[in-house]
Amino acid sequence: MASSSLKQEGFRYIGKRTPRKDGVAKVSGQMRYTYDIYLPGMLYGRILKSPYPHAKIKNIDVSEAEKMGAVVITFKDVPKKKFNIRLVSADRVNYKDWEVLTDHPKYVGDYVAAVAAETEELAQKAVEAIKIEWEVFEPLLDPFESMKDGRPKIHNKILFGSKEITVKNNVACRLDYSEGDVEKAFKEADVVIERTFKTNRRYHMQLEPKVTVAKPEPDGGITVWTTTQTIHNTRILISQVFDIPMSKVNVKKLPIGGSFGSSIQTNLVTLVAVALALKAGRPVKIALSREEDMYEHSSYQMYFRLKVAARKDGTILAGELENTMDIGGHQIQAYPLLGCLLGWFVSLYKWKNIKYKGIAVYTNKVPACAFRGYGNPQITWAVESVIDELAEALGIDPIELRLKNYVGRGDLFWGQGPTVKSVVKSDGVPELLKKGAELIGWYNRPQPGEQKGRFRRGIGLGRGFHTSGAGGRISGEVIDFTGCILKINEDGSVDYITALQDHGGGSLDAHAKIIAEELGVPLEKINIIWADTQTTVYDVCTHASRGTYVGGEAARRAAREVKKKLLEYAVRLLGDVVNPEALNIKPDEELGQGVIYVEGMPDKKITVGEVAREAWQRNWGSVAAVVSYRATNSPPAYTVYFVEVEVDTETGRLRPVRVVAGADVGTVINPDLAAGQLHGGFAQGWGMAVLEDTPYDPETGELMCRGFITDYKIMTAQDLPKVDDFTVIFASTHEPTGPFGAKGLGEAALNPVAGAVANAIYNAIGVRLYELPITPEKILKALKERGLK
Amino acid sequence: MGKIIRFRLNGRPVSIYVENNELLLNVLREKLGVMSPKYGCGIGECGACTVLLDGEPVLSCLTLAVEVDGKDVVTAEGLAKDSELDVVQRAFIEEGAIQCGYCIPGFILVAKKLLEENPEPDEDFIREYIRGNLCRCTGYVNIVRAIKRAAEELKFHVGKNKQV
């Protein structure tokens, strides 16, 4: 039905500015996050964390803590099982190296014991009273050092699926791939460029630190409130680790105070809270401090060697990538990331001949997990830098070179890795590049290095994409499907029940609009339910920018089913209408109801509310649908950033002067919120490009910032371009496989930013830097070395 | 060791026993059920715990509860009048300035004081004023827009009142 006919008529809700449904609760302070959950009779938990980056417990004495009245657990009290806290890979290819508590901590902050007590203060005192005798090992903080022979083993035996394997040289996992013959292409090419890149290790800095409340139930089950992007995977993991049937594990969905990938896995604190609650027989809350949270998760730090080749006419001939990833003390999703990194790489440009070597290495650092883009911002920074260099070497405009070689409409696309392939069906790249170039003044930008004064400005371009989910035609190695329940209440109002989490980007508001549009009822009638695992069907996770594209299509299908039932009932009630196909529904804002009517016969009508009421009063049954939906595509949402940067050559400081952010998201569903993704994506990308990193103290293995925001800064309102200097444009595309033509956005909004910034810096001062973040110190050093100051 | 303190919380008198070392943030959240001041860092770096103390924005994670004895405390819960949202709250919704929402109560309270101090703020003024409040979602663009919009609306209302 009619996404195409509606498109012609114009949408009623899609693409319109509407107030977000949770807006009033959020501005009036009434939204309840996990941090706000307090239960009667609840204990407070605290966790004892390793002060050493790599050590073994020789002896542990908890008697003093127990004397204080605290409930104490150590590695001796938790299930002896290895698992992965992220359940997204199919089990047969999932690497498992985590335990709930360990006697062999692998980074400063690794969990070794936990306590619960009547107050948080008492719990803290009890944690401090636990005595441990340690055997301490030399920390390995560099992946290349870590791989050398004879270094301490961070892990020995781990599981791959259900098979035990031995870790060698601290290599967590590998993935190699090749297509064609790169060596031959390098020989035949007119230009070959080879560079090495090093990215930063960033902290998510979501505003709400990780927190869990776990409540044991009388039937042996457990109810859990926790910061998570996936309530169902959290439930499955709790069930597997503690051997509790899934039906007795109920995980609640609550608003989350930002995440950006940091709760894509079940944060270990969740399992510890469960273990404490089960032992105590009372509810337990563990709320991490900011300092603790910074020891919970980080982005993947990557080292690339990138070699590309092209013919004089600008045809790219080959791309070779070596990717070494510093994953920290545990695997969360290192193996699927090796595949995705390859997928991002090959889906950026048509390299024709490809060689890839990916290796994930354990270090004694905070475990790395997805951070908005899942490696895509890292590789896009490197590739977009090299593409710019290639354009310069060839004497071709960087826009032209990109247009000639990018993966676009009709091309094979496998952003989510080798097992997730589809063909691109919608592509706004040419439109975005053209409009963006005009808006920023691309063709008037300076020549690199030609400026002399103290302040030098440059314009750079970064182009990229992210997938919309991880769906595909074959099952592959990644789990990706969703589901929802939609029911018409007895007065015609609508309950929409889904496990899919909204991190604030507005996915669920998009779903509500999709339902209202498809069903033909007013948007106010759609109520989004904060549900839990017991009352929803499975959704894998809000990740991979799939919320709108995958979840939205499930919502649309549920609306279609419900509509069918409503029309059947309406035929019965209207008496002489021949069949449901004779009926339409449209919202009547004055009545506040959807109205079912016969075209051209204004009196032949009945409201959705009346149908629902009659179905109830006449005992016909409920009007409801349950949908489980697997997408067979994961189309690219393309983004293009043009950034003007000013370099202060005296201080090395960088300022973002102007931004043009272009996005091809197909049909735009929430214009304000979609723009908000680009605003926020730029702010995070700018931080990635010029500011954020978590270096470690080489002796103690601690974070140099020690978990303080004063020493892990993020951008403030003063550090970013003014409102009028930030332009957002959307391509006028329609994705045929998406709900009403929509695609994803969240991660695409970040991915090309650092590349655009790096290219703008080069345009301003004629210097390229291959290590993130590009700090004032690095700028000054580079200017000095090259005599450009 | 502690004492009973008396203060106005969102217009209502409150009296409560607090320890001398208890923080206002914890007393509001755990003893009084006022949840809009959020814990984000606990050491005055992020602004998520902001409340208005006698009209001034303060960080409740750095304020001892005993310090508010005899004073007036306003949180985001107390801004709506007769269940009508405050103009700043409305502007945040209308400009799409909210994403996860965790930092928003703090921003709104700071914006209230900002507009009281300067009813016609330019963008530099706004950005400097809110620099102590961190947001990781929005890049601040729509937050700045919302504050501008609230300023416009207040100006309009003041004008209207004068005519009456």
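Domain bounds, as used here, come from an automatic or database domain assignment. With that in mind, chain A is divided into domain 1 (2–31 + 481–629) and domain 2 (411–471 + 634–785). Keep in mind as you explore that this is a predicted model. The predictor gives the complex an ipTM of 0.97 and a pTM of 0.97. Chain B has a mean pLDDT of 95, and 96% of its residues reach 70 or more.

**Where the two chains meet**

- Let's start with the contact between the chains: 45 residues of chain B are in contact with 45 residues of chain A.
- On the side of chain B that touches chain A, at least two residues each come from helix 2 (87–94), helix 3 (104–117), helix 4 (123–129) and helix 5 (141–163) of chain B.
- Sorted by class, the residues on this side of chain B are 23 nonpolar, 11 polar and 11 charged.

**The two domains of chain A**

- The C-alpha centres of domain 1 of chain A and domain 2 of chain A are 36 Å apart.
- These domains touch: 23 residues of domain 1 of chain A are in contact with 27 residues of domain 2 of chain A.
- On the domain 1 side of this contact, the elements giving two or more residues are helix 1 (2–9), helix 14 (507–519) and helix 15 (547–574) of chain A.
- Helix 15 of chain A gives the most to that side, with 6 residues.
- The domain 1 side of the contact has 7 nonpolar, 7 polar and 9 charged residues.

**How helices of chain A pack**

- A word of background: two packed helices are described by the angle between their axes and the distance between the axes.
- Helix 11 (residues 376–394) of chain A packs against helix 12 (residues 398–405) of chain A at an angle of about 110°, with the axes 9 Å apart.
- Angles of 65 to 115 degrees count as roughly perpendicular, so helix 11 of chain A and helix 12 of chain A are roughly perpendicular to each other.
- The crossing of helix 11 of chain A and helix 12 of chain A is right-handed.
- In this pair, I387(A), D388(A), L390(A), A391(A) and L394(A) of helix 11 meet P398(A), L401(A) and R402(A) of helix 12.
- The contact of helix 11 of chain A with helix 12 of chain A has 6 nonpolar, no polar and 2 charged residues.
- Helix 11 of chain A also packs with helix 18 of chain A, at an angle of about 35° and with axes 7 Å apart.
- The crossing of helix 11 of chain A and helix 18 of chain A is right-handed.
- Residues making this contact include W381(A) and D388(A) of helix 11 of chain A, and N759(A) and Y762(A) of helix 18 of chain A.
- The contact of helix 11 of chain A with helix 18 of chain A divides into 5 nonpolar, 4 polar and 2 charged residues.
- Elsewhere in chain A, the axes of helix 7 (residues 231–242) and helix 8 (residues 268–280) come within 11 Å and cross at roughly 50°.
- Helix 7 of chain A and helix 8 of chain A are therefore oblique to each other, and their crossing is right-handed.
- Among the residues in this contact are I238(A) and F242(A) of helix 7 of chain A, and L271(A) and V274(A) of helix 8 of chain A.
- The contact of helix 7 of chain A with helix 8 of chain A has 6 nonpolar, 2 polar and no charged residues.

**Backbone details to look for**

- Most residues other than glycine have a negative phi, and most peptide bonds are trans.
- L772(A) and P773(A) are joined by a cis peptide bond, with omega about -5°.
- P773(A) lies in the loop between helix 18 (753–765) and helix 19 (776–785) of chain A.
- N170(A) is not a glycine, yet its phi is positive, about 60°.
- You can find N170(A) in the loop between strand 8 (163–166) and strand 9 (171–179) of chain A.

Terms used:
Residues numbered from 1 in each chain as written. Chains lettered and ligands numbered in written order. Predicted model: local features only at pLDDT ≥ 70, side-chain atom pairs only at ≥ 80, totals over all residues. Contact = placed C-beta atoms within 7 Å. Helix = DSSP H or I, 4+ residues; strand = E, 2+ residues; numbered from the N terminus. Nonpolar A, V, L, I, M, F, W, Y, C, P; charged D, E, K, R; others polar. Axes fitted to C-alpha atoms, helices over the stretch in contact; angles between N-to-C directions. Parallel < 35°, antiparallel > 145°, perpendicular 65-115°, else oblique. Left-handed = near helix turned anticlockwise from the far one by under 90°. pLDDT = per-residue confidence, 0-100.
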